[in-house]
Amino acid sequence: MAERGAPMEAEILDRVQESPSLFTLRLRLTDASLQSAYSFDPGQFNMLYLHGVGEIAISIVSDPREADTIDHTIRAVGRVSKGFAALKTGDRVGLRGPFGRGWPLQAAEQHDVVIITGGLGCAPVVSVINYVSQRRERYARLNILQGVKHSADFIWRERYDRWRALPDTRVLLAADAGDALWPWHIGHATDLFGQLDFDPMNTVVMMCGPEGMMHRAVQHMRKAGVPAADIWLSMERNMQCGTGHCGHCQYGGMFVCKDGPVFPYDRLQSLFGRTGF
Amino acid sequence: MENVADCFLARPDLQQLFDALLARDYDVWGPVARDGSIVFESVESVDMLPVGLIDQQDPGAYRLQETGNERVFDWTNGPQALKPMVFRPEVTLWEVARDAAGGLRFREPARPAQKRAVVGVRACDLAALYIHDRHFLQGESPEPDYRAQRQRLFLVAVNCTRAGNQCFCASTGDGPQARYGYDLALTELEQGFLVHAHSDAGRELLSALPTRAATAAEVSDAEKSVRVAAEQQRALPSRDLRDALLERLDHPRWKETAERCLGCGNCTAVCPTCFCNQEMDQPSLDGGHSEHVRQWDSCFSPDHGYIHGLRLREDTAGQYRQWLTHKLATWHDQYGRSGCVGCGRCITWCPVGIDLVEEVQALLREDAHG
């Protein structure tokens, strides 16, 4: 990447309300030559700019093969993201990126894949699931384990139905609390670890979500015999520059924005689970 | 001491150094006594230099004292290093205007190219500059404003012949003698200055000065006074405290120190290697235009680790531990060395006098461990 510069202008082509607080913006860079030059890896993120308000780091959920558009699923939780929630089709925003290092999707080929997410719908791994399902023959057994706090938080139900129908694919869903129409497990996602189907010595695990959940999942995978270097986590920290200069995203000696946000567990384990870092 | 210079510039000729720099279109900055401390400012005449002044530094205290002698570089350092000149406290990264159709027009400001010479830079300041060069310039995305400011610098170093009470640069391997990253270096003697050139620009400038070859006695005097400055110093226990500190993340000392620490961030502001900065928008009142700026930030700010409703380090103990373990431990992972250059500023300018050297010694004391 060249010297850090100003954002590129992007237009909102489409806006989808996924749940009361989650929405997806489909963007296209207004400069056609910049859009055609733009490429990314699943797991990377962009800094999206709202005029006069500021920037936020948002992971890219679309498939890298979709060369015309760049999709971002955003949760309206803070000052900037709530501003983004009010935008409409045709509005213009700024975009810098892509930043960081993504998922080990090449290294995972021919391996079993275990994808674990928790909390609200987890956009960074949805891009991985989409990527693997579009190239299903390159990967061995596929396991998708998702936990949500309440069944009402569960989005993209039809996608999970589609993924469940893929060959050699197991989809395990859990809600801490569920309504009458929730057909899957009521309880913690960790209750379902025993139902995962993988060869610990030939598996790549990819996870994102709250660190407490990831910590329990890592312990389980380690106990099952998966090497630390084969367990990959997407970390979330305060990111302002995306280029490793502003210092806010430091995790021990790493800059999450440029050394991550996706890390193998062996690089995180000396601090992982400790508060204050 | 191979770099102690071989030319001698008599004290009355020091003005010619400033004149030669001015003649080469440099904006010349040098040390000036202002508001009770030594700061770098624009200096055109040696009359503005802090003649006969030394700085008395103690934990939480900085005082200038008159010595009555003619020396101009017996002070050791002030609250600034080169940091505010290259990593400026506030910079506009880009501007954006919204047109009538809602389109956003982004523009990067021009980065001024005025050449600047700084006289009186210390070895610790040069070491810190080298660290900032690594941080801001040597990654995949160089920082444009830092690069613009950095490219125009001509540095006249001064080898320290007096150590301050808080100096420990010899123990970090960074001083008191300038060894790299400068154009000219001066060592102050009774009658004048030994001058050593370390770059092509430095050699060219040196050739314009009325120097003569230094005598063996002058060279030996200079070596001795720099050696004495090293011997006068206190010391960190080791240059590499990485594992020692990371093994002590649960040490009771963190909480004890937090009871004294005000969380003010003075240490990070005066530290010549602290690089954290925050980005924010400054929109115009009519909303049509906005500037995106970066400002110095501090890991002692409660929002430093903020993510969507969660502050990663709410308490002072966590903030102080983050600062010290980054500076002395995880900095090694990032830049292959510690982030401390032994200048002692964090000790002097701490309003409650928390002493980094003493904190490290307390953390390493085995009887308090675990």
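Predicted model: local features only at pLDDT ≥ 70, side-chain atom pairs only at ≥ 80, totals over all residues.
**Trp156(A)**

I started with Trp156(A), which is partly exposed, with 19 other C-beta atoms within 10 Å. Burial needs 20 or more such atoms, so Trp156(A) with its 19 does not count as buried. I found Trp156(A) in the loop between β8 (142–150) and α4 (157–164) of chain A. Its phi is positive, near 60°, and the residue is not a glycine. Most residues other than glycine have a negative phi, which is what made me stop here.

**Asp35(B)**

Asp35(B) is in the loop between β2 (27–34) and β3 (37–42) of chain B. Is Asp35(B) buried or exposed? Asp35(B) counts as exposed, with 6 C-beta neighbours inside 10 Å.

**Confidence**

I checked the scores before going on. Chain B has an average pLDDT of 95, and 98% of the residues score at least 70. For the model I noted ipTM 0.93 and pTM 0.94.

**Cis peptides**

In chain A, the bond from Gly97(A) to Pro98(A) is cis, with omega near 0°. Pro98(A) sits in strand β6 (residues 92–99) of chain A. In chain B, the bond from Gly175(B) to Pro176(B) is cis too, with omega near 5°. Pro176(B) belongs to the loop between α5 (169–172) and β10 (184–188) of chain B.

**Gln106(A)**

I then went to the loop between β6 and β7 (112–117) of chain A, where Gln106(A) lies. Gln106(A) is exposed, with 8 other C-beta atoms within 10 Å. From Gln106(A) to Arg138(A) I get 9.4 Å, C-alpha to C-alpha, across 32 residues of sequence.

**The β3–β4 hairpin of chain A**

Strand β3 (residues 45–50) of chain A pairs with β4(A) in the antiparallel sense, over 6 bridges. One pair I picked out is Phe45(A), which stands opposite Ser59(A) in β4(A). The two strands make a hairpin with 3 residues between them, and Gly52(A) in the turn has a positive phi of about 75°.

How many residues of β4 (residues 54–59) of chain A are buried? I count 6 of the 6, so β4(A) is largely enclosed by the rest of the structure. In a regular strand the side chains alternate between the two faces of the sheet. On β4(A), Gly54(A), Ile56(A) and Ile58(A) point one way, Glu55(A), Ala57(A) and Ser59(A) point the other way, and all are buried.

**The sheet of chain B**

I traced an open sheet of 8 strands in chain B, with mixed pairing, in the order β3-β2-β8-β9-β10-β11-β1-β12. Its edge strands are β3 and β12 (212–213) of chain B, each pairing on one side only. Within the sheet, β1 (residues 7–10) and β11 (residues 192–197) of chain B run antiparallel, joined by 4 bridges. Cys7(B) has Val195(B) as its bridge partner in β11(B).

I followed up Ala157(B): leaving out residues up to four places away in sequence, it touches Val121(B), Ala123(B), Leu126(B), Ala178(B), Tyr182(B) and Ala185(B).

**The A–B contact and helix α11(B)**

The contact between the chains takes 43 residues from chain B and 33 residues from chain A. Which element gives the most to the side of chain B that touches chain A? That is α11(B), with 7 residues. Others that give two or more residues include β6 (90–98), α3 (123–137) and β13 (277–283) of chain B. By class, I noted 15 nonpolar, 18 polar and 10 charged residues on this side of chain B.

I ended on α11 (residues 316–335) of chain B itself, which has a kink of about 55° centred on His326(B). Gly336(B) follows α11(B), and its phi is positive, near 70°.

Conventions. Residues numbered from 1 in each chain as written. Chains lettered and ligands numbered in written order. Bend = angle between axes of the 7 residues up to and from the residue. Buried ≥ 20, exposed ≤ 12 C-beta atoms within 10 Å, placed from the backbone. Contact = placed C-beta atoms within 7 Å. Nonpolar A, V, L, I, M, F, W, Y, C, P; charged D, E, K, R; others polar. Pairing = 2+ DSSP bridges. pLDDT = per-residue confidence, 0-100.
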